[in-house]
Amino acid sequence: MAVVGAGLSGLTAARELHRAGVDVLVLEAADRLGGRAMTETSALGSRVDLGGQWIGHDHHRIKALASELGATQFQMHTRPLPVVVDGSRRLRAAGPSMLVALLVLVGVELWSRVANTQRWNTTTVEAWLRHLPRRTRRLLEVLGFISWTADLDRFSVHAMAQSIRQQGGLRTMLATAGGAQESLVAEGIGTLIDGLAAELGARVRPGHWVTAIICRGDGLTIHTTAGEIRVAKVIVTVPPPIAGRITYDPPLPPSRAALASDTYMGSVYKGVAVFPRPFWRDRTGGEFLVLDKPGRAVFDTGAPGGPGHLCVLVGGPEARELDRLDAVDRRRSVLGALVRYVGPDVLEPVSWHEKSWHLDEYVGGGYVALAQPGTTAGIPPIACTPIGDIHWAGAETARDHAGYLEGAIESGTRVAREVIEALVSSQ
């Protein structure tokens, strides 16, 4: 059988199948493995994650995988609250804009838990935010860009509420200590990808872009850019907008086929600046929420005893605006606001790494596929009922932590079990 996509979900599924004695191939369109995970080595030898990297406090599956593969886990260096910057001003935690934003977030949290939000599925988050004071609106807008990577005029209030509920609440989503950004892997998530791929060996085949899946009676024929492959079953792990590029014969049922048009990938830019030491810890710390355009979140992601890492995330349409700049101007744009708080050295990293995920033709964006306003099938967890011998996985299908690395592992484990049970019952 075959697995389409060599991200964490696909490699997890393939390893489970391989260990169960199933002959499996992993077909990856890109010339690298990892999907929405990508790790580079800095000029100082430290490992830098340009894709998914965080481990939440209750992400037990990825913690177990990291331990199994001998990776070093460490907690983020964090403070109770980030520094919130608006132009030349540092917003006080007890200031009016912050208090109003807090009240709105508390209200949204409670509302998402108890209300039937379906009637808000055609109302966009952008339209909803218009009724708030300017600075409060901008603070919540930037939080929305970073949390969901969505264009807020293409993201419904219902989808937002469902995401908050599904991901364990806003505190879990936004927090570092005790939340979804609690810890990291010193060697990078790439070491987990490499460990899974090493066990599978030649069964993992990069450069095999799947263009068609043809079902004709006694099995499937998979057409790739490197040739055809005959298999009994296939698992598709790529997100719906990417899976929609594949031709299916016979065509998929309308409800499944519509997922491709009813969803889109979020836009996200990630940059990591590497310094000989984390000098900002002697000053205001390394966590910031910057409201100036491009709105961005900054995290201190350096490992204990290692070089200093400052990670910058820009989401939504403001991530795409950075595409107009060259690498030097992008770096200045995203680091410039920090000079006032940590000093001019922040503009001169030893090593600079960046990735605009919405420009990656094989991934399409991140962190997760998003539902178009007025539709519901693309709101995670998306349906993953098999269609004949085609099975579905990927972080969007996870029941817990959809869109996270943890969810990718959950979905890979679930689909492998599903396939094994189907193979056993067919014998």
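A residue is taken as buried when its relative accessible area is under 20%. In this predicted model, H401 has a relative accessibility of 11% and therefore counts as buried.

**H401 and helix α14**

H401 belongs to the loop that runs between β22 (390–392) and α14 (405–426). When residues up to four places away in sequence are set aside, H401 touches D58, H59, Q166, E406 and G407. The backbone of H401 also deserves a remark, for its phi is positive, at about 60 degrees, although H401 is not a glycine. Most residues other than glycine have a negative phi, and most peptide bonds are trans.

Within helix α14 itself lies E418, which at 19% relative accessibility counts as buried because the cut-off is 20%. The contacts of E418, not counting residues up to four places away in sequence, are C384, P386 and H391.

**Two helix pairs**

Helix α14 packs against helix α1 (residues 8–19) at an angle of about 35 degrees, the two axes being 7 Å apart, and the crossing of α1 and α14 is right-handed. On the α1 side the contact includes L8, A13 and L17, which with other residues of that helix meet a set in α14 that includes L405, A408 and I420. By class, this contact of α1 with α14 comprises 10 nonpolar, 5 polar and 1 charged residues.

The axes of helix α3 (residues 96–114) and helix α5 (residues 134–148) come within 9 Å and cross at roughly 55 degrees, and α3 and α5 are therefore oblique to each other. Their crossing, too, is right-handed. In this pair S97, M98, V100, A101, V104 and L105 of α3 meet R135, T136, L139, L140 and L143 of α5, and the residues of the contact divide into 8 nonpolar, 2 polar and 1 charged.

In soluble globular proteins, nonpolar side chains tend to be buried together. The largest nonpolar core of this model has 50 residues, of which L139, F155, M160 and L289 touch the most other members. Helix α5 supplies the largest share of this core, with 7 residues. Leaving aside neighbours within four places in sequence, M160 is in contact with V108, V125, W128, W148 and F155. Another core, of 33 residues, lies apart from the largest one and has A6, A13, L17 and A408 among its members.

**Around helix α6**

A159 is found in helix α6 (residues 157–166) and, at 5% relative accessibility, counts as buried. Beyond its neighbours within four places in sequence, A159 is in contact with N121 and I379. The C-alpha atoms of A159 and L143 are separated by 15 Å, and these residues are 16 residues apart along the chain.

T149, in the loop between α5 and α6, is buried, with a relative accessible area of 0%. Like H401, which has a phi of about 60 degrees, T149 is a residue other than glycine with a positive phi, near 60 degrees.

| Peptide bond | Omega |
|---|---|
| D249 to P250, cis | near 0 degrees |
| K293 to P294, cis | near -5 degrees |

P250 lies in the loop between β14 (247–249) and α10 (254–262), whereas P294 lies in the loop between β17 (288–290) and β18 (296–300).

Definitions and conventions: Residues are numbered from 1 along each chain as its sequence is written. This is a predicted model: local features need pLDDT of at least 70, side-chain atom pairs count only at pLDDT 80 or more; totals for chains, interfaces and linings use all residues. Side-chain values use heavy atoms; hydrogens and water are left out. Axes are lines fitted to C-alpha atoms, for helices over the stretch in contact, and angles run from 0 to 180 degrees between N-to-C directions. Helices (H or I, at least four residues) and strands (E, at least two) are DSSP runs, numbered from the N terminus. Angles under 35 degrees count as roughly parallel, over 145 as roughly antiparallel, 65 to 115 as roughly perpendicular and the rest as oblique. A crossing is left-handed if the near helix is turned anticlockwise from the far one by less than a right angle, and right-handed if clockwise. Contact means heavy atoms within 4.5 Å. Ala, Val, Leu, Ile, Met, Phe, Trp, Tyr, Cys and Pro count as nonpolar, Asp, Glu, Lys and Arg as charged, and the others, Gly among them, as polar. A nonpolar core is a set of buried Ala, Val, Leu, Ile, Met, Phe, Trp, Tyr and Cys residues joined through side-chain atoms within 4.5 Å. Buried means under 20% relative accessible area, exposed over 50%, partly exposed in between (1.4 Å probe, protein chains only).
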